[in-house]
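Thanks for coming. I will walk through one model this morning and keep to what can be read off the coordinates.

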Amino acid sequence: MSTTQSERLREILEPLVASQGLDLEEIAVDSVGRKRVLRVVVDSDTGADLDRIADVSRALSARLDETDAMGEGEYTLEVGTPGAERLLTQHRHYVRATGRLVKFELAEGGELVARITGVDDDGLDLEVPGVKGRRATTRRIGFPDVVRARVQVEFSRKDKKEEEA
């Protein structure tokens with residue numbers, strides 16, 4: 001997708017997504033054979049359930065039908081939320097990932113896997129899991145120290161309520 005088309009789509013869709021109480025996270029147009037697929041990723045601090053996704057999808061479809069932003073020819077609109085292992089690129093992503101396990105690539109080199117326990121304007125408070133029976137430790141890193149961060153999927157994490165019981 002050209003930058004111009006991406007910018008035009010963002011200008012058209014972002015206000016509509018925001019009016020639904022969601023953030024427009026990503027727009028991508030992919031060619032699948034002769035058809036095109038417009039993928040729109042939305043999210044919010046409280047998440048987006050299927051009803052909200054359906055509502056925003058209908059609104060986006062109607063708005064796109066009123067414009068020539070997708071040009072001539074058929075396309076399919078897909079609206080969804082970020083995947084389970086989402087890449088964290090903006091401050092709000094880190095806030096939404098509070099309590100989640102994240103793999104960080106650090107500017108100093110190396111990687112760190114830790115749970116985000118707090119986020120402010122300057123950086124992150126982390127809990128680094130203990131290894132081989134050792135206790136978890138805390139660590140603070142600034143946003144400039146993070147090259148890349150991705151949420152990790154946890155299958156066996158105990159819920160805090162279960163731990164306190």
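Glu 111 is exposed, at a relative accessible area of 52%. Its side chain meets that of Lys 103 in a salt bridge, with 3.4 Å from N to O. Lys 103 itself is partly exposed, at 33% relative accessibility. Before going further, please keep in mind that this is a predicted model.

Next, a second pair. Glu 105 and Arg 148 form a salt bridge through their side chains, at 3.9 Å from N to O. Glu 105 sits in strand β4, residues 101-106, and Arg 148 in strand β8, residues 146-151, so this bridge ties together parts that are 43 residues apart in sequence. Both ends are partly exposed: Glu 105 has a relative accessible area of 33%, and Arg 148 comes out at 36%.

As a reminder, strands of a sheet pair through backbone hydrogen bonds, either parallel or antiparallel.

Looking at one pairing in detail, strand β6, residues 123-128, runs antiparallel to β7, and the two share 6 bridges. Gly 123 has Gly 142 of β7 opposite it.

Gln 152 is found between β8 and α4, where α4 covers 160-164. A polar atom of the Gln 152 side chain lies 3.1 Å from the backbone oxygen of Arg 150. What does Gln 152 touch, leaving aside its neighbours within four places in sequence? The contacts are Arg 100, Leu 101, Val 102 and Lys 103.

Neighbours within four places in sequence aside, Leu 38 is in contact with residues including Leu 9, Ile 27, Val 29, Leu 64, Met 70 and Leu 77.

Back to charges, to finish. How many salt bridges does the structure hold? The count is 21. One of them joins the side chains of Asp 68 and Arg 8, at 2.6 Å from N to O. Asp 68 lies in the loop between α2 (50-66) and β3 (75-80), while Arg 8 belongs to helix α1, residues 3-19, so the pair links parts that are 60 residues apart in sequence. Asp 68 is exposed, at 55% relative accessible area, whereas Arg 8 is partly exposed, at 36%.

There is also a network of salt bridges, which links Asp 23, Glu 25, Asp 43, Asp 45, Arg 86, Arg 92 and Arg 96.

That is what I have; I am happy to take questions.

How values were computed: Residues are numbered from 1 along each chain as its sequence is written. This is a predicted model: local features need pLDDT of at least 70, side-chain atom pairs count only at pLDDT 80 or more; totals for chains, interfaces and linings use all residues. Side-chain values use heavy atoms; hydrogens and water are left out. A salt bridge is a side-chain nitrogen of Lys or Arg within 4 Å of a carboxyl oxygen of Asp or Glu. Helices (H or I, at least four residues) and strands (E, at least two) are DSSP runs, numbered from the N terminus. Buried means under 20% relative accessible area, exposed over 50%, partly exposed in between (1.4 Å probe, protein chains only). Two strands pair if DSSP finds at least two bridges between them. A polar contact is a pair of N or O atoms within 3.5 Å; within protein, one must be able to donate a hydrogen and the other to accept it, and residues adjacent in sequence count only if both atoms are side-chain atoms. Contact means heavy atoms within 4.5 Å.
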